Amino acid sequence: MASIKIENLSYTYPGADRPVLDHVDLEIMPGDFLAIVGNNGCGKSTLCKVLNGLIPHFISGDFQGRVLIDGQDTRQADVGVLARKVGYVYQDFENQIVRPTVLDDASYACLNYGMADYQARGRQALAQCGLQNRENEYIWQLSGGQTHLLALAGAVALGPDILILDEPIAQLDPGHADRIYGVLRELNEKYNKTILVIEHHTEYIADYCKHVLLLRDGRAAWYLPVRQALSRVEELQASNIFPPQVTLAAHALQAKGLLPAGGELPTTIGEGQQAFRSIPRPEYHRPCPPPARQPGQTVAEFQDVSVSYRSVKGEPHTVFHNLNLTLHKGENIALIGSNGAGKSTLMKLLVGLLRPTGGEILLGGQSLKEQKPEQIARKISLVYQNPEEMFIKDSIRDDIAYAMQVRQVENWQTRTEELLARFRLTDLADRDGRLLSGGQMRRASLAIGIALNPSLLLLDEPTANLDIATRKEILRTLNDMKAVTETVMIATHDMQLVCEWADRVVVLCGGSVVGDGTRDAVFGDRALTERVGIRPPEIFAMGRAVCEEALCYTVPEFVQLFGEGKRNAE
Amino acid sequence: MLNKLSESILDKFSMDFLRNQVLKNAYGNDDTLIAVRDPRVLLLWYLFFGLVPWFVNDIVFLLGCFVLVMITTLLARVAGLVLFLFALGVFSQTGYLLIVTLLFGGDASAILPLLVLTLKVTTVSLASVTVFSGLDPDRLSNGLMWYGCPERLSFSISYAYRMLPMLMEEFQNVLLSYRLRGNPPAHDSIPGKIRYLIYQVKVIVHSFYPLMLNTAKRSRTTVEALEIKGYRYAASSKEVRRMKLASLKISYDDLIFAAVSFLWVAVTMLLSSIL
């Protein structure tokens, strides 16, 4: 029997004029590991809330058709009964945690439903999610990845057979993301849970999932085994989903006639090695490194900077120890390193929000200590990781204008309109920033960031939490911005962004700078990438797997390099 | 020099520091002698030391109680900020009374009754500080629940502590936005300082709107999660209540604590009758 069966389901949110889900028919078998993909607003999250009964029990609206979980109609079961069958982890999972300690939170639902062995269940769930040694820790001691595992444990504790996760790895570095998916795979294989993930990182779908469901305009377009699904490159791209880079490269090579037409495309590096075997090796000449550019004027400098945080209990936590770094005018710098390596801390130091416990930071040749915050604000600007925190007014026009207005910048009105137009926000100018979509919010926060024409612009994770299409759009915006900004530093986990945008890469690890140079210097150094736990884009790894000397960072580069190979051979 | 000092004090008194102190106060000392006491015993203890001093005027007895609650406060390792606020509150109140008395024709004889009042207020406050900040919020709310307080109240206490750091973080972020983008008036002269103060107050008022909206957005998920986790179901179930309270156990040490307090009070009473 199918563990989830949806029959002719249509659902409309209260007050909406169009159904979000439109005649969906679906059957999901027990033990499946299913990725749900689709455009923004295609009904992915709604579908998940239908499965755990929040719709229609908690959120009303027009509900037609039938949803059967394990043979039981969701309209006849209450939320409590369904919670024991379907576990749900939100995208903003930190708000799902309601208790102060780890074990308390994991066992809270079991306690509420009156299960006598609630603590044992909580412990078991923590063990299944790889948190067994952290039972008595407080939740603010956990890293982002661990917090996510805790939210998962809270859902697992009730013993549901189905687990649903909404974008589980959006904010995580590759190391933590692998851990989450490792845990999910174990839950799937060892404990026979049916797992549904909403995911747009197709590399992870290729590596871990069994089936893919494409939702389009509120309908289930298709439901296919993973490799077959990811091979439908055009259809996926039409829905703003980007197949793994390996698949894209194979698709392009297929179009050039280098790979046999038809059939399934490779989706992982392993499959890629098989598929690309027939392609002749290119005669690869590593391009001479461009002559080292004369570094421009120094914009900012860290001299032996040390930082430590107060902690709630015990010793202060040291983030940096004697860190040295110089930023020059005109550079586009990517700051990378795993979660907790101190990327955000470094940026907060530069804008004077944090003070170093030792050492000196110079901005424009002058020590930060001697400058007032408002002086600093003229030279440097920080765009937070979470754009919502940038909005302090009730419309984005006011938000963009604010800094210029209070400083009586000449022509601030016209400049505001210019910025709105540049970031394609003119139509949204009077809306509250918080109510915009992810991509619009991000664009608005960038506009706020460059309003004062800072000589140094800092961006904290500008592409986090965005779907791939919006990500591409932000990347385009960032490339456009190169014309108007002097020096930009981006802290990010997004290695595709690093490769396509940065001309200098700075690697943080263990409290100091461990790598600094061009992308070739950083990604080409295997010992370094392994030590720090950063992972170059998949296409880079694919290129090296086929031909050790190849350093290609984008799909077009890969296609060009290996497409050329054929021509040379002829 | 003075400038440097005031800057460093302001620096210390950041939102980050406040947040840290709140957390420290709530959860940082879970292994102290006071924190491991059974909350029911402590609440009874508090009932005595929070009420009786108001009705007694005997100095020796009051001094005795004061010394005892001072010791318990030290044992509870209460966060510095709380003690500071406590001292500020007590001394500004009674100091103000003293000044008013002296201004309106009182003389030095007013000092003694004021001292008694101060002693009472201090004793009661320190007893409150011991119980409410020595115990972590969960144990406290369990204790209250045992005495029949509704489940919703006890959940609110522990959830407030869960939310508070988040609220403060949001607030900090909004203030940071103002600091990074705003243009505060120069504050070198005296009128400038006043304008600066007014500016700061304005910013805090303006921060309220984004703070509330951001928090409301976050709490949407929390409300749904609570529903899934059966919070509503538990609130009406006697069985769950029993399970929650099952973790409360009175140990020997609790009895010793109660006995020592009792003995201490008895001895001070004895002393006061002898003297």
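1. Confidence, chain A. Chain A has an average pLDDT of 86, and 96% of the residues reach at least 70. The model is a predicted one, and the points below should be read with that in mind. Among the elements of chain A, strand β8 (residues 194-198) has the highest mean pLDDT, 94, while helix α23 (residues 555-569) has the lowest, 71. The pLDDT is below 50 over residues 566-570 of chain A. Beyond near neighbours in sequence, that stretch has five contacts in the model.

2. Sheet in chain A. An open sheet of four strands runs in the order β12-β11-β14-β15 in chain A, with antiparallel pairing. Its edge strands are β12 (317-328) and β15 (366-367) of chain A, each of which pairs on one side only. Strands of a sheet pair through backbone hydrogen bonds, in either a parallel or an antiparallel manner. Here, strand β11 (residues 298-309) of chain A pairs with β12(A) over eight bridges in the antiparallel sense. Opposite A:E301 stands A:T326, a residue of β12(A).

3. Helix on the sheet. Which strands does helix α13 (residues 343-350) of chain A touch? Helix α13 of chain A packs on the sheet and touches β11, β12 and β14 (358-363) of chain A. The direction of α13 makes about 120° with that of β11(A).

4. Helix pair in chain A. Helix α4 (residues 102-112) and helix α6 (residues 144-156) of chain A pack with their axes 7 Å apart, at an angle of about 35°. The crossing of α4(A) past α6(A) is right-handed. On the α4(A) side the contact is made by A:V102, A:D105 and A:A106; on the α6(A) side, by A:L150, A:A153 and A:G154. By class, this contact has four nonpolar residues, one polar and one charged.

5. Helix α7 of chain B. Helix α7 (residues 137-146) of chain B is mostly covered, with eight of its 10 residues buried. The buried residues are B:P137, B:D138, B:L140, B:S141, B:N142, B:G143, B:L144 and B:M145. Just after α7(B), B:G148 adopts a positive phi of about 100°.

6. B:S128. This serine belongs to helix α6 (residues 111-134) of chain B. Is B:S128 buried or exposed? B:S128 counts as buried because its relative accessibility is 18%, and the cut-off for buried is under 20%. With neighbours within four places in sequence left aside, B:S128 is in contact with B:Y46 and B:S133.

Conventions: Residues are numbered from 1 along each chain as its sequence is written. Chains are lettered from A and ligands numbered from 1 in the order in which they are written. This is a predicted model: local features need pLDDT of at least 70, side-chain atom pairs count only at pLDDT 80 or more; totals for chains, interfaces and linings use all residues. Side-chain values use heavy atoms; hydrogens and water are left out. Axes are lines fitted to C-alpha atoms, for helices over the stretch in contact, and angles run from 0 to 180 degrees between N-to-C directions. Helices (H or I, at least four residues) and strands (E, at least two) are DSSP runs, numbered from the N terminus. A crossing is left-handed if the near helix is turned anticlockwise from the far one by less than a right angle, and right-handed if clockwise. Contact means heavy atoms within 4.5 Å. Ala, Val, Leu, Ile, Met, Phe, Trp, Tyr, Cys and Pro count as nonpolar, Asp, Glu, Lys and Arg as charged, and the others, Gly among them, as polar. Buried means under 20% relative accessible area, exposed over 50%, partly exposed in between (1.4 Å probe, protein chains only). pLDDT is the predictor's confidence in each residue, from 0 to 100. Two strands pair if DSSP finds at least two bridges between them.
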